[in-house]
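Have the model open and follow along.

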Amino acid sequence: MEQAKLESKVLSILEDKIQLIKTSEEGGIYLVGPIRLPVNLYGETVVFRWYCWLQRDIITDDYEEIIEKLSSDNLAEYQQSSVLVYGDFEYNEDALIRMHSICHTGDIFGSKRCDCGFQLKQSMKMIKEHGTGALFYLANHEGRGIGLFSKAMAYVLQENGYDTVEANLNLGFVDDSRNYEDAIHVLKALRKKPVTLITNNPKKLEALKNSGMHLSGRTPLWGDVSEFNENYLKTKVARSGHLQEEEGCLNG
Ligand SMILES: [Zn+2]
């Protein structure tokens, strides 16, 4: 079927806001943005700059070809990751970074089984107060990379006495299968200088260093402990090597 051609005005607007930031044998990563995004952060309106990225198996700087193909791909069936940027991110000496793993139950529903929703908002607040930073929202990291359906099954096991790590292992998953490579390519496209990572998880710090991120330090992020997530947070410390509590949804 013949695909509709983009109007030249539409194309010229979009071409200014799309860049091909990485190419490899698997394809390219296309970044769109910045888009002005005013956000309600604890009752205050804070303006972030928002970018979204997409991996495609085609490598081209003819963005018309990419855009025209998207209308026939069912992108809503897949999650795309994105990043909220604040302040003079490219040039400021000091920038706070949060690599936030998507948590459908915590971020969207406000589930108290984990502390993800709290961490998401709190890290946005820390970035704003610091003056420069970026929050990466990683859409393929649900349940530490096992996906939402498997996370629901892990919750069923947890309701039957398994801890969060045991539940994942019993479903045939490794404890943590998250990958940060694409996010780091995006980070490098937006900033060359080192960053301070908001995390309590030394493994995450190590994973990011190994993927080539230039780190200048770590800022911890704790809070929102309740009777509902106490065991989950303890497991993070006892089983997953977390420095005290926190980090990436281990499936509450
Ligand atoms: Zn969570």
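Which residues lie nearest the centre of the largest pocket?

## The open pocket

They are Gln 55, Gln 79, Ser 81, Asn 140 and Asp 182, out of 21 lining residues. A pocket here is an open set of points on a 1 Å grid with protein on both sides within 12 Å along at least five of seven lines, and lining residues have an atom within 4 Å of a point. There's about 410 Å³ of space in the largest pocket. Strand S3 (44–56) and H8 each give two or more residues to its lining, with S3 giving the most, at four.

## About the model

Keep in mind that this is a predicted model, where local features need pLDDT of at least 70, side-chain atom pairs count only at pLDDT 80 or more, and totals for chains, interfaces and linings use all residues. Residues are numbered from 1 along each chain as its sequence is written, and side-chain values use heavy atoms, leaving out hydrogens and water.

Searching the whole structure turns up one cavity of 30 Å³ or more (a spot where a 1.4 Å probe fits but cannot get out).

## A look at Arg 191

Arg 191 sits in the loop between helix H8 (181–190) and strand S7 (195–198). The nearest side chain of opposite charge, Asp 94, is 6.0 Å away, and Arg 191 has no salt bridge (a side-chain nitrogen of Lys or Arg within 4 Å of a carboxyl oxygen of Asp or Glu). Backbone oxygens do come in, though: that of Phe 89 lies 2.9 Å from a polar atom of the Arg 191 side chain, and that of Glu 93 also lies 2.9 Å from one.

Terms used
Grid points are joined across faces, edges and corners, and a volume is the space filled by probe spheres set on the points. Buried means under 20% relative accessible area, exposed over 50%, partly exposed in between (1.4 Å probe, protein chains only). Lys and Arg count as positive and Asp and Glu as negative; His and the chain ends are not counted. A polar contact is a pair of N or O atoms within 3.5 Å; within protein, one must be able to donate a hydrogen and the other to accept it, and residues adjacent in sequence count only if both atoms are side-chain atoms.
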